[in-house]
Structure formats: structure tokens, C-alpha cells
Amino acid sequence: MGKLWSGRFSENSSSLLDEFNASLNFDKKLYRYDILGSLAHAKMLYQQGILNEEEYRSIVDGMDQVLDEIEKGDFTFNISDEDIHMAIEKRLTDIIGDAGKKLHTARSRNDQVALDFRLYVQAHNEIIRELVLKLVNAFVFVARENTQTMLPGMTHLQHAQPINFGYHMMAYASMLKRDYERFESSFKRNNLSPIGCAALAGTPHPIDRNLTAKELGFDAPTLNCLDTVSDRDFALEMLFNIATMMMHISRLSEELILWSSSEFGFVTLSDAYSTGSSIMPQKKNPDVPELLRGKTGRTYGNLISLLTVMKGLPLAYNKDMQEDKEGTFDSVETVEISLTILTEVIKTMKVNKERMEEACKIGHLSATDLADYLVEKCGIPFREAHFITGRAVALAEQKGCDLSELSATDLKSIDNRIKDDVTDYLSIRHSMNARNSEGGTSTKRTLEQIEKIAEWITEKEKEIAKR
Ligand code: ARG
């Protein structure tokens, strides 16, 4: 049997064309969504009196067999069938005969592929959100254990002000919560059914798009068929959401790489998630965060690639759009494994509290606190306080110690308005806890942030359980 569309052709297509034109090698991933879509379409055709009961039943049984063959690996994927839609329809017709030929009534591959791909994106949107939640949970777990663990907060990668490690973890929890919400909002916006749009203009057959939409778990049918068969925004949103989240993951990875170096020594990554060197026996390399950082690049590429494919296309469907799938599959698979492994890395890493606290004695982290003390306790204008603090820093440098290690006598020698209580203000822990404004690093405020995110996680977990 020739191609399903071969009626107007008198010559067979070249095998070179088959190879170039076909998407079957990669869109076979969509088989389950294609079958789901066909079953919903057939049910609607039957309910609308377009298929009789016998035809409908044989389509259901035939599809059952096709699904079974694919899942067992017994299905022969033949590249001359071009894509998964035609491969499945052809096999169905081989099995059940004429009823199979009626399935494509009131449908085109244009709305069929729009449906299959959207079902794929929506399903993976839910999977990704579950994985994000697990990662945020891991941050919360580490944060709870470390609201008193001091480390130098940095700007320009220079010691700036002391913070606690729980606070640092909660910064990532906050980013990933926003990422989750981006996926959530894309899911809601795009939960509309493309099927029934046919080639571009709708169909003269008396179909009911509400029935198929409901059957497939969509909120409603899409509004305009011309737009629907041309639209790949839903995939672009997915690619953008993934790229943005990978950017966050990459920043964390960079920190993990720095923190696990001998210079920092702030964390030790578990052996289970580290690798060795083939030549240097002493080495333990942070390959996982390095790969996460590296893989971020391809998720950006996939986004730019699809944006570029789409930018010059006249309405409606153009074959260029077949290029939408491989990059999207790649980004989805990349982010799913990345989230899974990163969660394990975070849960199993050892936090070296002493090394972090030791590092707080470098860089005069409490300099701002001394200036604040001079303003608050001594009534000195901030500019002058800034200058006096600079002198105190110079004295500490001269003595080869940290500002927090100067005695009250040392400090009083710089300005006689300074009192004995100054040393309390200069302790690193005092400095951290003094930043007690909303969203700040104090242990109290960090705990507040942890509680808020923990409540949010519980709420989302309930939503997921209801799915
Ligand atoms: N394999 C095609 C794709 O992935 C399916 C749609 C084909 N539609 C068409 N009119 N040729 O985009």
C-alpha cells in the first residue's frame, strides 16, 4: 500500500525524500498521546452519529492492539509512513479494515499534531512541577538545619555581610517557587483543546469540540482554528520556563562547585554524586553541578531555535513546524533528570559549618555594623561613621586580625565616643541577627521564610494528590 496521501501522485516518493521528510524517528515518542487523541475523536464522532457503534467499537479494540504492539516493541516503525500519526492510522486500518479509514473524518494531521504535542507538553508540565516541589523541599530541609550556620554573604564574589546558610538555601527555594508558578500559569493558559480545528478552517461535519476537550482533560476548546494549528506558544513557554529554571540551577551549580573546592570547603558533595579522575588518584570532582551548568546551554539553544523557526511563518501550518519537537523533547528530558539528580545532591551534601564560620573572620564582615553602631549609639552622622569605620578596618589590617577581633580599647583609641558595648555589636552572629527586617537574614526572619515556603509546599502537594 502506498502513502495515505498518494491519491494525486503518479510516481512513488524517493527514499531520500522519505528520510528527509519523516518525523517518525522522533515523534514516535508521542504515540500514547496520538492514541488518546484518536480515541477521544472517535468517541465524539460516534456520539455525533458520524460513526456507527460497530465502527466505533472496532476502532477502540484496534487501537488497543496498536498500543499493545508499540509497548511490547512488536510495532514496525516504517519511515515511509512519515510520522506517528500516519503510522498508527495505517496499522489500525490493517487490523480493522474500513472503519480505520473513517477515523480521520473531520480531522487533519495539523490539528492532530497540535493536540499530541500539547498533550505531551501539558503532561510533562505536571511531571516537572512535581520534581520542582521535591527540590524546594530539599532546600527547606537543609535550611531548617542551618539557620544558625554563619557564612560570608557576598557581592562581586567578595565577602560582604554575614548571613546564615539556611537563608542562602531559601534564596534558591524562592527562585524555584517562582519557576514552579511559571509552569503552573503556562499550564492553565494552555489547557485548551486543539482537536476539531481540522486543517485550518474547521470542518463541515457536525462535530462537538466540547466533548473531545472534556474527554482529554482540557478546560475548553481553543477559540480560533487558524491560530490553533499555527500556534506553538505553548511549547515556547515550556522552553522558556525550562531555560529560566536551568539558569537558576546553573547559578546554584556554580556555587556548589566553588563551595566544594579546597579554597572554600563549605560543603562536601556525597561520594555517590561525585566522580574521580583517571590520572590523579586524590581527586574528587563535582561533575554533577558542572554538567548541570553545562546542560543549561542546550536548553537556551532549544528556546532560540524554536523562536527562530516560528518567526517568519505565514499562517497556518508549515512543515517548518515539524522542527518544534526534538528540541522540546531534549529540554524536557534534560530538565527532568537535572531536577532529579540535583535534589539528591542537595539532600546528601555535607555542610561544613566550621569552615563557613571560619570564613566569616575574613573580610571585616561587621564593618557596616560598626558604622551603624556609631550612628545609632553615638549620634554620629553616617558619612563620618563610614570614615571612622574605615580607620578601624585599617587598624585591624595593621594588627593582622579581623575587625570583629579588635578590643573595645583598640576601638576607643580611634574615637572616644565609642563605648565598651561596641564588641557585642561587632560579633558576626550579632551582625547577622541584626538584619531582622522583613526578608532579611536573621535567624528569626529565615525561619519565617522557611515556614512560608513549607506551607506553600503542603498546599501544592495537596493539589497534586487531587489530580
Ligand atoms: N509530522 C508533522 C509535524 O510534526 C505532522 C503534521 C503534518 N501536517 C502536514 N500538513 N503535513 O509537524
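This text leads from the overall form of the protein chain to one annotated span and one residue. The model is predicted, so that local features need pLDDT of at least 70 and side-chain atom pairs count only at pLDDT 80 or more, while totals for chains, interfaces and linings use all residues. Residues are numbered from 1 along each chain as its sequence is written, and side-chain values use heavy atoms, with hydrogens and water left out.

The protein chain holds 20 helices and 6 strands, where helices (H or I, at least four residues) and strands (E, at least two) are DSSP runs numbered from the N terminus. Its C-alpha trace spans about 100 × 50 × 40 Å along the principal axes. The radius of gyration is 31 Å, whereas a compact globule of 467 residues would have one near 23 Å; the value is taken over C-alpha atoms, and the globule rule is 2.2 Å times the number of residues to the power 0.38.

Of the 467 residues, 50% count as buried, that is, under 20% relative accessible area with a 1.4 Å probe, protein chains only. Among contacts (heavy atoms within 4.5 Å) with a separation of 6 or more, 76% join residues 24 or more positions apart.

The UniProt record, an unreviewed entry, places the feature "domain: Argininosuccinate lyase C-terminal" at residues 365-433, although such annotations may be inferred rather than shown by experiment. This span is 70% helix and 0% strand, and its end C-alpha atoms lie 13 Å apart.

Thr 296 lies in helix H12, which covers residues 287-310. Thr 296 is buried because its relative accessible area is 3%. Leaving aside residues up to four places away in sequence, Thr 296 touches Met 246, Met 247 and Ser 250.
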